[in-house]
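Please look at the charged pairs, the ligand's surroundings and the aromatic rings in turn.

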Amino acid sequence: MNDVVLTGDRPTGLLHLGHYFGSLANRVELQDKYPMYVVIADYQVITDRDVPGQIQRNITGLLLDYLAVGIDPDKVTIFQHSAVPELNQLLLPFLSLVSVAELSRNPTVKDEIAHSSQGAVNGLMFTYPVHQAADILFCKGTLVPVGKDQLPHVEVTRLVARRFNERYGAVFPLPEAMMGERPLLKGLDGGKMSKSRGNAIALSATEDETAALIRRARTDADRLITFDETHRPEVANLLTIAGLCLGRPPQDIAAEIGHRGAAALKSLVTEAVNEFLRPIRARRREHSEADARRILAEGNERARERAITTLQEVRAAMGF
Ligand code: TRP
């Protein structure tokens, strides 16, 4: 079978180092091996907030981040799902294939509801995993590189594909999640790395902003630096970040710092991160916002052609 890769992001802010090592580096490798689509999931932004906010700015920023890390728009179709009506129309038959009980059991949705600041859960929050199935199935995606939190959505996608095929004939492949042994970086305060928590190093941050963030990073009082993820998670996280940027085992870096303490660790991390991000930041400046908008328009066009074909097949299979 010919594999097709689909993955995506919500356009809620700038991408950071955790995204780079968690998914972007992998995409850059995959783009040479498979046909690939990356969805900018703009409608998903309004699952847990009332308004999309600075949506155009976030989308342009996301595209510039993609280009900066080396995602090649000649190889990868980058598109926003709001620009592909035929993709969204797949949501209607797909929703008929899952029960309300199945929708309410989704652990990732439950978790997002628990962390939402909204007073009431909206219908899109409840149904977005099925929308995500449309993101994946419109291009007959077979490989879905995602983090662990997205596994329930890939399960929903498989369920939708299987039931569609059973009821209406074989149209969709059953996609698989692709989970490498990718490191999960924590934020500089020890929590989940997230732009909104102010604990993440944005790919596009300046060297000074990066230095300031790392200077404020949480560590501990023990001057002997060791790599101990269980007992010293914050120090271990800094060592992991430096190790990834330098391509060295974090234990080596700990040994090199030895008794010189957290200040020496932080200056080493700052140096490593800034050195690593220098070419990425330079490439980001080579592209204008107009470039980003043009690339997105082209990607939207290509995605739409694909979606039109799939929707026609779906309607024919259903006898509409
Ligand atoms: N929900 C994903 C996230 O928050 C983004 C996303 C939307 C996605 N559609 C997708 C990921 C399809 C993989 C496949 O990160």
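A salt bridge here is a side-chain nitrogen of Lys or Arg within 4 Å of a carboxyl oxygen of Asp or Glu. The model is a predicted one, in which local features need pLDDT of at least 70 and side-chain atom pairs count only at pLDDT 80 or more, while totals for chains, interfaces and linings use all residues. Residues are numbered from 1 along each chain as its sequence is written, and side-chain values use heavy atoms, with hydrogens and water left out.

Side chains of opposite charge can pair when their charged atoms come close. By the rule above, the count comes to 16 salt bridges. One of them joins the side chains of Glu-112 and Arg-10, with 3.2 Å from N to O. Glu-112 belongs to helix α6 (residues 107–115) and Arg-10 to the loop between β1 (5–9) and α1 (17–30), so this pair ties together parts that are 102 residues apart in sequence. Helices (H or I, at least four residues) and strands (E, at least two) are DSSP runs, numbered from the N terminus.

Are these two partners buried or exposed? Buried means under 20% relative accessible area, exposed means over 50%, and partly exposed lies in between (1.4 Å probe, protein chains only). Glu-112 is buried, at 17%, whereas Arg-10 is partly exposed, at 23%.

Another salt bridge links Arg-278 and Glu-207, whose side chains meet at 3.0 Å, N to O. This pair also links distant parts of the chain, with Arg-278 in helix α12 (residues 261–286) and Glu-207 in helix α9 (residues 207–215), 71 residues apart. Arg-278 is partly exposed, with a relative accessible area of 36%, and Glu-207 is partly exposed at 34%. Elsewhere, salt bridges that share partners join Asp-32, Asp-72 and Lys-75 into one network.

Next comes the ligand. A residue counts as near it if one of the residue's heavy atoms lies within 4 Å. Which of the 13 residues around the ligand come nearest? They are Arg-10, Gln-44, Gln-132, Asp-135 and Gln-150. Arg-10, the salt-bridge partner of Glu-112, has a polar side-chain atom 3.2 Å from an oxygen atom of the ligand. Gln-132 places a polar side-chain atom 3.1 Å from a ligand nitrogen atom, and an N or O atom in the side chain of Gln-150 is 3.0 Å from a nitrogen atom of the ligand. On its own the ligand has 370 Å² of accessible area, and the protein covers 88% of it. β1 and α7 (123–137) are the elements that give two or more residues to the shell.

The last topic is the aromatic rings. Rings of Phe, Tyr and Trp (its six-membered ring) pair if their centres lie within 6.5 Å; planes under 30 degrees apart count as stacked, over 60 as edge-to-face and the rest as tilted. This rule gives nine aromatic pairs. The rings of Tyr-37 and Phe-79 have centres 6.4 Å apart and planes at 85°, so they form an edge-to-face pair. Tyr-37 lies in strand β2 (residues 36–40) and Phe-79 in strand β3 (residues 76–80), so the pair ties together parts 42 residues apart in sequence. Both Tyr-37 and Phe-79 are buried. Ring pairs also link Phe-94, Phe-164, Tyr-168 and Phe-172 into a cluster.

Terms used. A polar contact is a pair of N or O atoms within 3.5 Å; within protein, one must be able to donate a hydrogen and the other to accept it, and residues adjacent in sequence count only if both atoms are side-chain atoms. Accessible areas come from the Shrake-Rupley method with a 1.4 Å probe; for residues, only the protein chains shown count as cover.
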